[in-house]
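User: Hi! Could you walk me through this model, starting with the ligand site?
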Amino acid sequence: MKVRLRNPDREVEVAGGRKVHAVLGELGINPDTVLVIRERELLTREDRVADQDLIEIRPVISGGSGDNRMKCRRCREPAVVEVRRHNAAFCRVCFLRHVIEQVRRAIETYDMLRSQDRVVVAVSGGKDSLALWDVLLELGYRVDGLYLGLGIGEYSNRSGEIVRAFARDHGAHLVAVDLEREYGFDVPTAGMKGSRSTCAVCGLSKRYVFNKAARDHGYDVIATGHNLDDEAATLLGNTLRWQTDYIARQFPVLPAEEGFARKVKPLYRLSELETAAYAFLRGIDYVVEECPLVAGNTQLRYKEAMNQLEATSPGTKAQFLLSYLDRAAPLFASQDVTTLTECERCAQPTTGRFCAFCRAQAQILGERLGEPRVEDNEIAERDLVAESSGEVMPAEIYAAGPTP
Ligand code: AMP
Ligand code: ZN
């Protein structure tokens with residue numbers, strides 16, 4: 001159904017077959033401030049509209065055009081983005097500045113990047129990691145990109161193209177690794193052949209390749225595009241299961257340790273909506289569609305749950321994560337105890353004889369890694385997925401369907 005909006009004039013397409021108040025709700029319009037017009041008749045909020053209708057929504061508040069629009073908190077110009085948890089709205093220029101400030105603050109708070117560091121940002125082609133690359137370049141860091149081709153059909157092809165185009169347009173260097181070419185399997189195959197879920201083996205591969213590529217190419221720091229929503233959802237999942245060891249390692253910065261580059265998440269103070277708005281306003285072309293393999297994963301349900309809380313109490317998400325970082329994280333630090341040795345096959349750090357990635361790879365390719373030793377069997381599966389990672393996402397969080 002076409003909807004004509006006035007002051008300023010524009011036309012939007014929304015679904016019909018419902019009541020006027022539902023349409024107004026979707027458009028964020030207060031019914032008391034507009035006339036709703038179809039042909040020559042006025043509609044009330046209880047009237048139904050159909051898909052083939054053309055309706056006009058005409059503001060009734062006099063006193064100048066755009067009067068009821070939000071104003072930028074900083075400069076009072078018309079706002080284009082609302083950030084409800086800060087009870088604020090921003091115009092384009094001030095919003096971009098707000099995002100850059102949040103990233104700068106994140107970097108400073110946790111001493112994420114130092115001037116002599118060689119930094120690489122893992123870029124998936126999605127809004128978060130491309131926005132991050134853009135902000136870091138804007139802030140003057142010399143930062144390269146790292147793209148891992150996962151072999152997920154058209155989705156991966158398009159992601160790769162987008163990342164390459166960004167690098168080209170910004171004169172930035174991109175390291176591209178192809179999972180299939182380099183390690184002999186792609187993610188869909190891994191999901192079918194191995195014992196891990198598709199998302200678990202994908203996550204394991206990313207963490208492994210990011211770390212290995214950083215070491216091979218001499219980077220000190222790997223930055224990822226994890227945002228506030230990602231981090232809050234992960235923390236919720238880990239807390240619901242009281243996985244104290246994962247909770248202990250969920251932090252915006254993980255210092256380098258033997259065999260691991262430093263890992264940083266400079267977007268942890270920004271919501272998904274903010275990174276998307278930043279990417280859009282900066283004209284960054286990013287992959288809007290989600291990975292076709294993740295449908296219905298548990299992480300997504302935690303995000304939805306957090307969003308429901310956020311809808312009625314804006315700020316809940318940020319409160320949950322930021323208060324954890326300030327007050328609760330230190331209490332979990334003692335839970336993070338692992339002793340690492342070198343993987344006998346690839347020399348990456350591991351808690352066992354062979355690292356989780358090499359074991360997964362051997363299983364997928366039907367190879368043998370050598371005689372198993374008793375200790376190897378004693379390592380629980382969830383530790384295998386967590387190791388080599390410094391990352392916090394438990395395997396179960398990726399599993400589709402209800403979790404025990
Ligand atoms: P995800 O695990 O898909 O939520 O992604 C989290 C972060 O990992 C992203 O913000 C990126 O920084 C990075 N990432 C994900 N997929 C890729 C990829 N295929 N290549 C490089 N980096 C990636
Ligand atoms: Zn290995």
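Analyst: Happy to. A polar contact here is a pair of N or O atoms within 3.5 Å; within protein, one must be able to donate a hydrogen and the other to accept it, and residues adjacent in sequence count only if both atoms are side-chain atoms. This is a predicted model, where local features need pLDDT of at least 70, side-chain atom pairs count only at pLDDT 80 or more, and totals for chains, interfaces and linings use all residues. Residues are numbered from 1 along each chain as its sequence is written, chains are lettered from A and ligands numbered from 1 in the order in which they are written, and side-chain values use heavy atoms, with hydrogens and water left out.

User: Great. How far is a backbone N or O atom of Ala 122 from an oxygen atom of ligand 1?
Analyst: That distance is 2.6 Å. For Val 123, a backbone N or O atom sits 3.3 Å from a nitrogen atom of ligand 1. The side chain of Lys 206 has an N or O atom 3.2 Å from an oxygen atom of the ligand.

User: And how much of ligand 1's accessible area does the protein cover?
Analyst: The protein covers 78% of the 480 Å² that ligand 1 has on its own (Shrake-Rupley method, 1.4 Å probe).

User: Which residues come nearest to ligand 1?
Analyst: Ala 122, Val 123, Leu 148, Lys 206 and Gly 225, out of 13 around ligand 1 (near means a heavy atom within 4 Å).

User: Which strand gives the most to that shell?
Analyst: β11 does, with three residues. Both β11 (143–149) and α7 (198–216) supply at least two; helices (H or I, at least four residues) and strands (E, at least two) are DSSP runs, numbered from the N terminus.

User: Switching topic: what is the strand order in the sheet of six?
Analyst: The open sheet runs β12-β11-β10-β13-β15-β14, with mixed pairing (strands pair if DSSP finds at least two bridges between them). β12 (174–178) and β14 (253–254) are the edge strands, each pairing on one side only.

User: How do β10 and β13 run, parallel or antiparallel?
Analyst: Parallel, with three bridges joining β10 (119–122) to β13 (221–223). Val 119 has Val 221 of β13 as its bridge partner.

User: What does α7 touch in that sheet?
Analyst: α7 packs on β10, β11, β12 and β13 (contact means heavy atoms within 4.5 Å).

User: Last one: what is the strand order in the sheet of five?
Analyst: That open sheet goes β2-β1-β7-β4-β5. β2 (10–13) and β5 (41–43) each have a single partner strand, so one side of each lacks a neighbour in the sheet.

Conventions: Axes fitted to C-alpha atoms, helices over the stretch in contact; angles between N-to-C directions.
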